[in-house]
Amino acid sequence: EVGLPFDIDDTYVGIGIGGQTGGGLRYTTDLLYDRTEFGPITDDGLGFDVSVTQDRPSGNIGVAVRSRLDNSGRRSEAVVNRSMPLPTGSLAFSIGVVDQEGDTSLRPKGSLTFQRDTPGGSLTASITQDPSVDTGVFYGNTSLAVGYTQSIDATSGWAADFDFTAVNNLNSPLDDERATARFTYTRALTPEWQMNTGLEHRRESINNGATESSNTLFINVRRDISFGF
């Protein structure tokens, strides 16, 4: 595999406020700045994110408004979301619109996520539609993901997941498709350390008709550290 000729440096800074009323209304406001340096190219992004969520006995309902300005122009969106518990899992969905600079149409945005609990594991499935713009080209991104996790005993378990993404060029009939299937075995080595090993298969079809695929065998050991102040 040929490596990139440049290093990628990402910088992110955010500041926000949030709170909750006695009636269960939660609100957050965030101001975000990020900077990506890719060789001689620099992309600065500035945006804000405002969300309001109302807690209800049957789940939550919320509204979010976001806007961001970077080298590709301005992108603004408004989304309504809803989540609710089910007897054996949960269901969540969202629907909204996206307005992007240079695009004469409002593009739909939405998602649907379902989770079902099983003895010792869980099954999740989701579908997402999220338009984007890159160097003046508009894309409709549709993603489908399915995953299952299962405990083997108190210290080990396994997971299998599959995701598929179709990147549709809204200015032409050319599309890209990517699919990834992964199987992972996890084992706790100590209370702090965990080992993950597995196999990943990736397949990509690009708009010129070419297809690329790869298989990766991976193993890693990690430790999660959390702290508060």
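Buried means under 20% relative accessible area, exposed means over 50%, and partly exposed is in between. Keep those cut-offs at hand for this tour of a predicted model.

**Stop 1: Val-63 and the nonpolar patch**

Select Val-63, in strand β4. Its relative accessible area is 43%, so Val-63 is partly exposed. Now widen the selection. Val-63 belongs to a nonpolar surface patch of about 950 Å². Colour by strand next. β1 (8-20), β2 (25-38), β3 (41-56) and β4 (59-70) each give two or more residues to the patch. Strand β3 provides the largest share, three residues.

**Stop 2: the whole chain**

Zoom out. The chain has zero helices and 13 strands. Its 229 residues include 21% that count as buried. Along the principal axes, the C-alpha atoms fill a box of roughly 55 × 55 × 35 Å. Among contacts with a separation of 6 or more, 35% join residues 24 or more positions apart.

**Stop 3: Gly-45**

Go back to strand β3 and pick Gly-45. Is Gly-45 buried or exposed? The relative accessible area is 1%, so Gly-45 is buried. Show what surrounds this glycine. Beyond residues up to four places away in sequence, Gly-45 touches Leu-32, Tyr-33, Asp-34, Arg-68, Leu-69 and Asp-70. For a distance check, draw a line to Asp-99. Gly-45 and Asp-99 are 54 residues apart in sequence and 17 Å apart in space, C-alpha to C-alpha.

**Stop 4: Arg-68 and Asp-34**

Two of the residues touching Gly-45 are Arg-68 and Asp-34. Show their side chains. Arg-68 and Asp-34 form a salt bridge, with the closest N and O atoms 2.5 Å apart. The pair links distant parts of the chain: Arg-68 is in strand β4, Asp-34 is in strand β2, and 34 residues separate them. Arg-68 is partly exposed at 28% relative accessible area. Asp-34, at 17%, counts as buried.

**Stop 5: the salt-bridge network**

The chain has 15 salt bridges. Select Asp-49, Arg-66, Arg-75, Glu-77, Lys-109 and Asp-130, which are linked in a network of salt bridges. Start with Arg-66 and Glu-77, whose side chains meet at 3.0 Å, N to O. Arg-66 lies in strand β4 and Glu-77 in strand β5, so the pair ties together parts 11 residues apart in sequence. Arg-66 is partly exposed, at 31% relative accessibility. Glu-77 is buried, at 10%.

Move to Asp-130 and Lys-109. Their closest N and O atoms are 3.2 Å apart, in a salt bridge. Asp-130 sits in strand β8 (residues 121-134) and Lys-109 in strand β7 (residues 107-118), 21 residues apart. Asp-130 counts as partly exposed at 25%. Lys-109 is buried at 18%.

**Stop 6: Arg-82, a charge without a partner**

Select Arg-82 in strand β5 (residues 73-86). Which side chain of opposite charge is nearest to Arg-82? It is Asp-55, 9.3 Å away. Arg-82 is buried yet has no salt bridge. Look for a backbone oxygen instead. The one of Asn-60 lies 3.4 Å from a polar atom of the Arg-82 side chain. Contacts of Arg-82 beyond four places in sequence are Ser-58, Gly-59, Asn-60, Ile-61, Leu-91, Ala-92 and Phe-93.

**Stop 7: Gln-150**

Jump to strand β9 (residues 137-151) and select Gln-150. Gln-150 is buried, with 18% relative accessible area. Follow the side chain to two backbone oxygens. The oxygen of Pro-119 is reached at 3.2 Å. The oxygen of Gly-120 lies 3.4 Å from a polar atom of the Gln-150 side chain. Contacts of Gln-150, leaving out residues up to four places away, include Thr-118, Gly-121, Gly-157 and Trp-158.

**Stop 8: Ser-214**

Finish in strand β13 (residues 211-223) at Ser-214. Ser-214 is partly exposed, at 33% relative accessible area. Apart from neighbours within four places in sequence, Ser-214 is in contact with Glu-200, His-201 and Arg-202. Now draw a line to Gly-121. The C-alpha atoms of Ser-214 and Gly-121 are separated by 29 Å, and the two residues are 93 apart along the chain.

Conventions: Residues are numbered from 1 along each chain as its sequence is written. This is a predicted model: local features need pLDDT of at least 70, side-chain atom pairs count only at pLDDT 80 or more; totals for chains, interfaces and linings use all residues. Side-chain values use heavy atoms; hydrogens and water are left out. Patches are made of residues with over 30% relative accessible area and no salt bridge: like charges are joined within 9 Å, nonpolar side chains (Val, Leu, Ile, Met, Phe, Trp, Tyr) within 5 Å. Accessible areas come from the Shrake-Rupley method with a 1.4 Å probe; for residues, only the protein chains shown count as cover. A salt bridge is a side-chain nitrogen of Lys or Arg within 4 Å of a carboxyl oxygen of Asp or Glu. Helices (H or I, at least four residues) and strands (E, at least two) are DSSP runs, numbered from the N terminus. Buried means under 20% relative accessible area, exposed over 50%, partly exposed in between (1.4 Å probe, protein chains only). Lys and Arg count as positive and Asp and Glu as negative; His and the chain ends are not counted. A polar contact is a pair of N or O atoms within 3.5 Å; within protein, one must be able to donate a hydrogen and the other to accept it, and residues adjacent in sequence count only if both atoms are side-chain atoms. Contact means heavy atoms within 4.5 Å.
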